[in-house]
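Dear colleague,

I am passing on a structure to you, and below it you will find notes on what was found when it was examined. Please keep it open beside the notes as you read.

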Amino acid sequence: MGSINALRGTKDILPAEVGYWQQLETIAYQTFARAAYQEIRTPIFEQTELFARGIGEATDVVGKEMYTFTDRGDRSITLRPEFTAGVVRAFIQHSLGSQGSVQRLWYAGPVFRYERPQAGRQRQFHQIGAELIGNGSPAADVEVIAIATDILQQLGLKSLKLDINSVGNQEDRSNYREALINYLTPYKAELDSDSQDRLTRNPLRILDSKNENTQTIVQNAPQLLDYLSETSRIHFEQVQGMLNALEIPFTINPRLVRGLDYYTHTAFEIQSDDLGAQATVCGGGRYDTLVEQLGGKPTPAVGWAMGVERLILLLEKLQTRSPETPAVYVVSRGDQATSQAMVLTQKLRSQNIAVEFDLTGANFKKQFKRADNSGAQVCLVIGDAEAEATTLNVKWLATQAQTTVTQAEFLNTIETFRAQLQDHLGQG
Ligand code: ATP
Ligand code: MG
């Protein structure tokens, strides 16, 4: 029978790669904790209407990319294509904002979009993100941006570029929308077919079209920034001022509009030059109308999402992660020896020392070779003779220095052993 492979656009995360994931997750958790953000976990599937209403029918995500199916109870269900709509639903459903308090939330997990798979673009991918719900000040925008840049910096990712823009409030946007349609309509026949489609449905998206001809036409289009009301302009200036105060470099990109309908005021993206066409690692912005749109009280909010797979691609290029190796490799041969070695191994592990146990029972030469390859610092050896005498042989792999001690004494002086392991780390 033929073998079965993972679906197109999905990927197994194998042990060789998973260390990067754990490094990223650990840094993200710690950074969120330091900024008083709490984790929220929402279901992987929701009613289709949540995304249709929340993200907007005219967006690519809802229009073309959703994994939607009818369940056995005839309900239309969709695998989440992003987190924000679900998080906001939970915020409303559980009255998380009832005390008028600010909710600082973060999340991590898989999301699903039916897209053409390529480097940095999958059908099941992962996002880590943050949402600050219940505050409309420019400081909130800057706080979430600062957390994102903090995480990326701790990962050692340099050569990242932050683009920001303001898409104004809803009134600014609708004024601008009209001006943009007026400008683009005479060029309609020259636009790419996607953009022609968007001209009435979602004209702002035409601004970030990748089509060269469309880009040339868009060059001279009216700019959103010229359509901002006084309050929107001041909000945007304050965001810039605080980013400057934090020494977070940014570029104003007047054509940055982001794909989803719900953005207001600040929109931003963080990109890397090392990722080819799929350059955006983080996207976000303010979404002051979404809570109301989903049936809650008017509540301002701002957030972002990072694409984990794209960050992993960058981390793999850097290769900063130290490989995960056991500190200790345990070698044994013979039934009695193996049993004693197993007891010893468990005791070391319970003392928080990382131990790899050789299960093969192969000859010592083969086991020692594996010990060398494991990257462990020290090899503990119990053969028939040691088992008989309840001793063990301690062999430091870098220097080949060896001692034989009784197993009882070894366990009694485990702190000394631990200190020797630390010394070894220092030398490496
Ligand atoms: P893109 O323009 O690349 O399609 P997007 O605007 O659709 O991105 P968002 O909805 O803002 O992306 O999602 C946040 C982040 O998730 C993106 O910046 C990107 O890093 C990542 N991402 C989006 N779609 C995919 C995908 N299909 N595969 C892997 N990562 C993705
Ligand atoms: Mg997309």
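**Helix packing and a pocket**

Helices α1 and α5 are oblique to each other, a word for angles that are not under 35 degrees (roughly parallel), over 145 (roughly antiparallel) or 65 to 115 (roughly perpendicular). This is a predicted model, in which local features need pLDDT of at least 70 and side-chain atom pairs count only at pLDDT 80 or more, while totals for chains, interfaces and linings use all residues. Residues are numbered from 1 along each chain as its sequence is written, chains are lettered from A and ligands numbered from 1 in the order in which they are written, and side-chain values use heavy atoms, leaving out hydrogens and water.

Two packed helices are described by the angle between their axes and the distance between the axes. For α1 (residues 15-34) and α5, the angle is about 140° and the axes are 10 Å apart; here axes are lines fitted to C-alpha atoms, for helices over the stretch in contact, and angles run from 0 to 180 degrees between N-to-C directions. Helices (H or I, at least four residues) and strands (E, at least two) are DSSP runs, numbered from the N terminus. On the α1 side, Leu-24, Ile-27, Ala-28, Thr-31, Phe-32 and Arg-34 meet Ile-147, Asp-150, Ile-151 and Gln-154 of α5, where contact means heavy atoms within 4.5 Å.

α5 also packs against α9 (residues 230-245), their axes coming within 8 Å and crossing at roughly 40°, and these two helices are therefore oblique as well. In this contact, Pro-138, Ala-139, Asp-141, Val-142 and Ile-145 of α5 meet His-235, Gln-238, Val-239, Met-242 and Leu-243 of α9.

The axes of α1 and α11 (residues 308-318) come within 10 Å and cross at roughly 110°, so the two are roughly perpendicular to each other.

The second largest pocket holds about 380 Å³ of space. Among its 19 lining residues, the closest to its centre are Thr-149, Gln-153, Leu-160, Ile-248 and Pro-249. A pocket is an open set of points, on a 1 Å grid over the protein atoms alone, where a 1.4 Å probe fits, with protein on both sides within 12 Å along at least five of seven lines, and lining residues have an atom within 4 Å of a point. α5 (138-154) and β7 (160-166) each supply at least two residues of this lining, and α5 gives the most, with five.

With best wishes

Note on methods
Grid points are joined across faces, edges and corners, and a volume is the space filled by probe spheres set on the points.
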